[in-house]
Amino acid sequence: MITPILMLGAGRMGGAMIEGWLAAGAFEGRELMIRDPFPGPAAIAAVQAGAVLNPPDGDLAQAATVVLAVKPQMWREAAAEFAPWLSSGAVIVSIAAGVKAADIAKAFGGRCVARVMPTTAAAIGRGTASLYADEPAALARAHALFEPLGAVVALTDENLMHAATAVSGSSPAYLYAFIEALEAAGVAAGLTPKDAQRLARSTLTGAAALLAHSGEDPAELRRQVTSPGGTTQAALDVLLADGALPELMREAVVAAVRRSKELGV
Ligand SMILES: NC(=O)c1ccc[n+]([C@@H]2O[C@H](COP(=O)([O-])OP(=O)(O)OC[C@H]3O[C@@H](n4cnc5c(N)ncnc54)[C@H](OP(=O)(O)O)[C@@H]3O)[C@@H](O)[C@H]2O)c1
């Protein structure tokens, strides 16, 4: 049994998972229980679909799967609050960045734990989830939860969750920052803000969709749109001069890995 699923926290990420499940028909509202002191729109929509919001402590033992989706700084507090009420067979699925499976298992009374680093595009079935669990049963549970929400990558070494967090969990923000910078550069080049926004957003989401659709390597797609001596080449000469962009990306990933390790301490 995978359900009932108890969501501990239904903020941005927990809410995106709930939205994705309901949109995909992966789980029905009545299979979800949500504990959140300030429920957001996703939790409220789930309640309209039959989910139970803020069930009493005594009902939490019904949960077969418990998703730990509070902020990483809050996870110990949440574990202390809820662990005593859960059934001994409940599987804990944690999406807390950096926090080790063994620490979560300990705080949840030795229950089986899977770790997942998801992304908020789960809300539209286009998420990406990195999974890790010591035990096959916990890994299978994480697969069952995240397969309906997009792509899933199972890692064989828990230490790689730091790198997966840097390359996946955190990286939608890198792309959004890139788009913001491109829009600002477009305005600096004379476009109206409205046109710069439309051009940058539509072009880059289209390019990402083409990458997904074509199955080509990004390097090949880049070559296809870069005529020697042309305008694209002129811009890439700046972005890639002396490895500027790869070096910046390496440093960004190193910083995210470092922070992920700090959060786990
Ligand atoms: N956002 C992302 O893109 C993303 C991606 C991958 C992983 N994650 C992970 O997902 C986790 C949640 O992040 P988030 O961005 O979704 O944070 P968030 O929007 O702040 O959501 C956390 C939710 O949990 C609630 N909460 C706090 N303490 C609680 C408690 N004791 N019992 C029940 N609910 C409680 C919060 O309520 P209040 O509003 O009262 O604080 C909030 O609604 C983090 O561990 C993060 O590392 C996030």
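The paragraphs below lead through the chain as a whole, then its ligand, and then a few details of its backbone.

This is a predicted model, in which local features need pLDDT of at least 70 and side-chain atom pairs count only at pLDDT 80 or more, while totals for chains, interfaces and linings use all residues. Residues are numbered from 1 along each chain as its sequence is written, and side-chain values use heavy atoms, with hydrogens and water left out.

The chain holds 11 helices and eight strands, where helices (H or I, at least four residues) and strands (E, at least two) are DSSP runs numbered from the N terminus. Its C-alpha trace spans about 70 × 40 × 30 Å along the principal axes. Of its 265 residues, 37% count as buried, a term that means under 20% relative accessible area, whereas exposed means over 50% and partly exposed lies in between (1.4 Å probe, protein chains only). If a contact is taken as heavy atoms within 4.5 Å, then among the contacts with a separation of 6 or more, 58% come from residues 24 or more positions apart.

We turn next to the ligand. It is surrounded by 21 residues, and the closest are Arg-12, Met-13, Asp-36, Phe-38 and Val-70; a residue counts here if one of its heavy atoms lies within 4 Å of the molecule. Three of these residues can be followed atom by atom through polar contacts, which are pairs of N or O atoms within 3.5 Å. An N or O atom in the side chain of Asp-36 is 2.6 Å from an oxygen atom of the ligand, a polar backbone atom of Met-13 is 2.7 Å from a ligand oxygen atom, and a backbone N or O atom of Val-70 lies 2.9 Å from an oxygen atom of the ligand. On its own the ligand has 880 Å² of accessible area, and the protein covers 79% of this, with areas taken from the Shrake-Rupley method and a 1.4 Å probe.

The backbone also has some details to look at. Most residues other than glycine have a negative phi, and most peptide bonds are trans. Thr-3 and Pro-4, however, are joined by a cis peptide bond with omega of about 0°, and Pro-4 sits in the segment before strand S1 (5-8). Asn-54, in the loop between strand S3 (52-53) and strand S4 (65-68), has a positive phi near 45°, and at 35% relative accessibility Asn-54 counts as partly exposed. Asp-242 has a positive phi near 50° and is found in the loop between helix H10 (231-239) and helix H11 (244-263); Asp-242 counts as exposed because its relative accessibility is 83%.

Note on methods:
Polar contact = N/O pair within 3.5 Å; in protein donor to acceptor, adjacent residues only side chain to side chain.
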